[in-house]
Amino acid sequence: MSDASTTTRSVCIAGTGSYVPEQVLTNADLEKRVATTDEWIVTRTGIRERRIAAEDEFTSHLATNAANKALEQAELDPKDLQLIIVATITPDTLTPSTACYVQQNLGAFGSVAFDISAACSGFLYAMKIAKRLISDGAFDNALIIGAEKLSSFVNWDDRSTCVLFGDGAGAAVLKLREDDDDGEILATEMGTDGRQTRLLNIPGGGSACPITSENADQHLNTLAMLGKEVFKHAVLRMKQSAELVIERSDLKPADIDLVVPHQANLRIIDAIAERLDVPYDRVFTNLQKYGNTSAAAVAIALDEAHRSGRIPKGGHVVMVAFGAGLTWAAAAIKW
Ligand code: UT7
């Protein structure tokens, strides 16, 4: 879906922030729990450890912590915030939305707040939606957040999934771009293939399969994935959507200073870098430390890349994500 706009209001990223919980769960810890090895996890995925939220630390808390850092960097008072979008598949409650809890935590009562559900692509879906709403004049600023407490939705006895996921949150403040503000969002892209819902899902806990006393022991409210099939779609869709935003920004792969991809698997990231013809030292990864944090992954990666100086002034960044749905999304940003 193209983002060609008839308006000229340009939108930029004014601040980023991220937060991960304190508790570290290593591959060695998982070896004690399921029939796996550090060697298998590292060779097949690249993941070495992940963060696990405390029992009383919910998705909205992770989101609020990341949001506070992004607001501080953007020098925006929560009272002046106009829009909050939280991308998550692990909301605090089915209703109200996690965004409502975040609004309450921030005291941002002048804002409109809602969630979107697009799995690992959610943060970039939120970026596209917020960008369009700002460029069309509906709002002048927005807080977008990718936040997940996946540890609550993982079957800790299933070695094929429990080694992959972690908890965390990343956020960005978007605003109407003025004068020579950095962080201009040049192009965004998103797509969906609802024919592939069976490949990656949480089958239970919704109206199709409520959790009952009869099925409570079947782990239906945990993530189920056909990894190999997801892998193939991920490489193809991320390559295509990254190419689209590069082209729409009138750039060439050689102009890209940093690719910030979804952090699911190093082999997927390698394959995309190769197909995009971007050298590996221009690809940001942190999945070694956090595993796959779904909607939070690209948001945390962008914040870490930004704060650690990996993005040169005036540099071009391409973000790209892929997840359950299937969904995919990309964005090109000039820093
Ligand atoms: O974030 C949303 C998008 N998600 C993704 O992009 C994930 C995409 N998929 C993947 O990253 C990979 O498919 C996985 C990492 C999930 C799996 O890697 P794989 O190379 O596709 O392995 P596999 O599922 O084909 O399993 C290979 C073998 C199997 O054993 P057999 O049948 O060959 O004897 C599995 O039972 O590895 C076994 N296995 C494990 N062994 C040790 C599966 N999980 C584990 C484990 N430890 N944790």
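This is a predicted model: local features need pLDDT of at least 70, side-chain atom pairs count only at pLDDT 80 or more; totals for chains, interfaces and linings use all residues.
Visitor: Which residues touch the most other members of the largest nonpolar core?
Guide: This core has 43 residues. In soluble globular proteins, nonpolar side chains tend to be buried together. The members that touch the most others are Trp156, Cys162, Met238, Val318 and Phe322.

Visitor: Which element gives the most to this core?
Guide: At least two residues each come from α7 (227-248), β11 (256-261), α8 (266-276), β12 (316-323) and β13 (327-334). The element that gives the most, with seven residues, is α7.

Visitor: What does Phe322 touch, not counting residues up to four places away in sequence?
Guide: Phe322 is among the residues that touch the most other members of the largest core. Beyond its sequence neighbours, Phe322 touches Cys120, Ser121, Val230, His233, Ala234, Arg237, Met238, His262, Thr327 and Trp328.

Visitor: How many residues does the second core have?
Guide: The second core is separate, and its members include Ala118, Tyr125, Phe284 and Ala329. Its residue count is 39.

Visitor: Is Cys12 buried or exposed?
Guide: The cut-off for buried is under 20% relative accessible area. Cys12 has 1% relative accessibility, and therefore counts as buried.

Visitor: How many disulfides does a search of the whole structure find?
Guide: A disulfide is a covalent bond between the sulfur atoms of two cysteines. Cys100, at 33% relative accessibility, is partly exposed, whereas Cys12 is buried. The number of disulfides found in the whole structure is zero.

Visitor: Which residue has its backbone oxygen 3.0 Å from a polar atom of the Gln103 side chain?
Guide: Gln103 lies in helix α4 (residues 98-106) and counts as buried at 16% relative accessibility. Leaving aside neighbours within four places in sequence, Gln103 is in contact with Ile84, Ala108, Phe109, Ser111 and Ala113. The backbone oxygen at 3.0 Å belongs to Ser111.

Visitor: With which side chain does the side chain of Glu304 make a polar contact?
Guide: Glu304 is in helix α10 (residues 297-307) and is buried, with a relative accessible area of 17%. Its contacts, apart from neighbours within four places in sequence, are Phe284, Asn286, Lys289 and Tyr290. The polar contact, at 3.3 Å, is with the side chain of Lys289.

Visitor: How far apart are the end C-alpha atoms of helix α5?
Guide: Helix α5 (residues 122-135) has 14 residues, which at 1.5 Å a residue should span 20 Å. The model agrees with this, as the end C-alpha atoms are apart by 20 Å.

Visitor: Which peptide bond is cis with omega near -5 degrees?
Guide: The bond from Thr95 to Pro96 is cis with omega near 0 degrees, and Pro96 lies in the loop between β4 (83-87) and α4. Leu326 is placed in the loop between β12 and β13. The cis bond with omega near -5 degrees runs from Gly325 to Leu326.

Visitor: Is Ser294 buried or exposed?
Guide: Ser294 sits in the loop between α9 and α10, with a positive phi near 50 degrees. Asp277 also has a positive phi, near 60 degrees, and counts as exposed at 63% relative accessibility. Ser294 has a relative accessible area of 2%, so Ser294 is buried.

Notes: Residues are numbered from 1 along each chain as its sequence is written. Side-chain values use heavy atoms; hydrogens and water are left out. A nonpolar core is a set of buried Ala, Val, Leu, Ile, Met, Phe, Trp, Tyr and Cys residues joined through side-chain atoms within 4.5 Å. Buried means under 20% relative accessible area, exposed over 50%, partly exposed in between (1.4 Å probe, protein chains only). Helices (H or I, at least four residues) and strands (E, at least two) are DSSP runs, numbered from the N terminus. Contact means heavy atoms within 4.5 Å. A disulfide is a pair of cysteine sulfur atoms within 2.5 Å. A polar contact is a pair of N or O atoms within 3.5 Å; within protein, one must be able to donate a hydrogen and the other to accept it, and residues adjacent in sequence count only if both atoms are side-chain atoms. The expected span of a helix is 1.5 Å times one less than its number of residues.
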